[in-house]
Amino acid sequence: MKKLIFVLIIPSVIICQNFDFNLNSDQCQDCENYARARISFSSLWLSESPIINLMSKQRIIIQTGFASTMKKQGGEYWNYPNLDVGIKATNNLAMTIKIFGFKAGNDAPQVIGGGLHYAYGTKDSLNWVTSLQRVDLKGLNHFRLSSLTLDIKKYIIWKSIQFRIGLGSNFYKQKTYINDPSIPQKLEGQINFFGIDALYNYSIFNIGIGVKMHPNKSIMTFFIQKEIY
C-alpha cells in the first residue's frame with residue numbers, strides 16, 4: 001500500500017515544485033488582467049472532480065495527476081497538482097473529497113472541499129451524472145479563493161474507454177491580501193464550460209485525460225486512478 005500511494009502522488013509532487021500563486025509579477029504589463037487570469041484559472045483547476053466508474057464494483061478510488069493551461073500565460077504554462085478521493089455510497093450516489101496541501105514557491109497552499117455525484121437514467125443504465133462540488137484554496141500569501149462547480153455529464157462507453165461529456169458552470173469568490181491599487185480587493189465570477197474526460201484501464205490502474213473548454217480559458221488534466229476497495 002505504501003508503494004502504491006508513493007506511485008500515485010509522484011505526478012502532483014513533481015509538477016507543483018516551481019509554481020507560485022502570486023497575483024503580481026515583475027514581468028506583467030497589465031497586472032490587473034494578470035491577477036484576474038490567475039484567479040479564474042485557479043478556480044477552474046479546483047472544479048476538477050474524479051471520474052467514478054459506474055460499472056465498477058469497487059467503492060473507493062484515489063485519483064492524482066495535474067492540470068495545465070492549454071495556452072501559455074505570461075510566457076509559460078500554468079500547472080496545478082490534483083489529488084481526489086471518490087467514495088461510492090450507493091449505486092447512484094457518490095461523494096468526492098479534495099483535501100491536500102503542497103509547497104509552491106513561498107506559499108503552502110491548502111485545498112479543502114468535497115462534493116456529491118448523483119447518477120440517473122434508464123432502469124438498465126445510470127449514464128447521466130449531476131455533480132456539485134465546493135472547494136476552498138487557502139494558505140496563500142496573496143489571496144484566498146472559494147470555488148463552486150455544478151455540471152451535468154453523460155457517460156459513454158466506447159470499446160474499452162469510458163467517456164464523460166457535458167456542460168458545467170464554475171462560480172468563484174476571491175479575497176486579496178496584498179495592498180496593490182492595480183489589483184481588485186475582491187473578485188467574483190462565473191465560468192461556463194464544456195467538459196470531456198476519457199478513462200482507460202491499464203493493468204491495475206485507470207489512466208485518463210480531460211479538458212474543460214471556455215472561449216477565453218481552457219484547462220487540460222492528466223491523471224492516474226486506482227480503485228482500492
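Mentor: M70, L167, F194 and M213 make a nonpolar surface patch of about 350 Å². Accessible areas come from the Shrake-Rupley method with a 1.4 Å probe, and for residues only the protein chains shown count as cover. The model is predicted: local features need pLDDT of at least 70, side-chain atom pairs count only at pLDDT 80 or more, and totals for chains, interfaces and linings use all residues. Residues are numbered from 1 along each chain as its sequence is written, and side-chain values use heavy atoms, leaving out hydrogens and water.

M70 sits in the loop between β1 (60-69) and β2 (79-88); strands are DSSP runs (E, at least two residues), numbered from the N terminus. M70 counts as partly exposed because its relative accessibility is 37%, between the limits for buried (under 20%) and exposed (over 50%).

L167 belongs to β7, where it stands opposite I152. Strand β7 (residues 161-176) pairs with β6 in the antiparallel sense over 16 bridges; pairing requires at least two DSSP bridges. In the hairpin of β6 and β7, 2 residues lie between the strands, and K159 takes a positive phi near 55°. β7 also pairs with β8, again antiparallel, over 15 bridges. There, G168 has F193 in β8 as its bridge partner.

Key. Patch = residues over 30% accessible without salt bridge, like charges linked within 9 Å, V, L, I, M, F, W, Y side chains within 5 Å. Salt bridge = Lys/Arg side-chain N within 4 Å of Asp/Glu carboxyl O. Helix = DSSP H or I, 4+ residues; strand = E, 2+ residues; numbered from the N terminus. Buried < 20%, exposed > 50% of the residue type's maximum accessible area, 1.4 Å probe, protein only.
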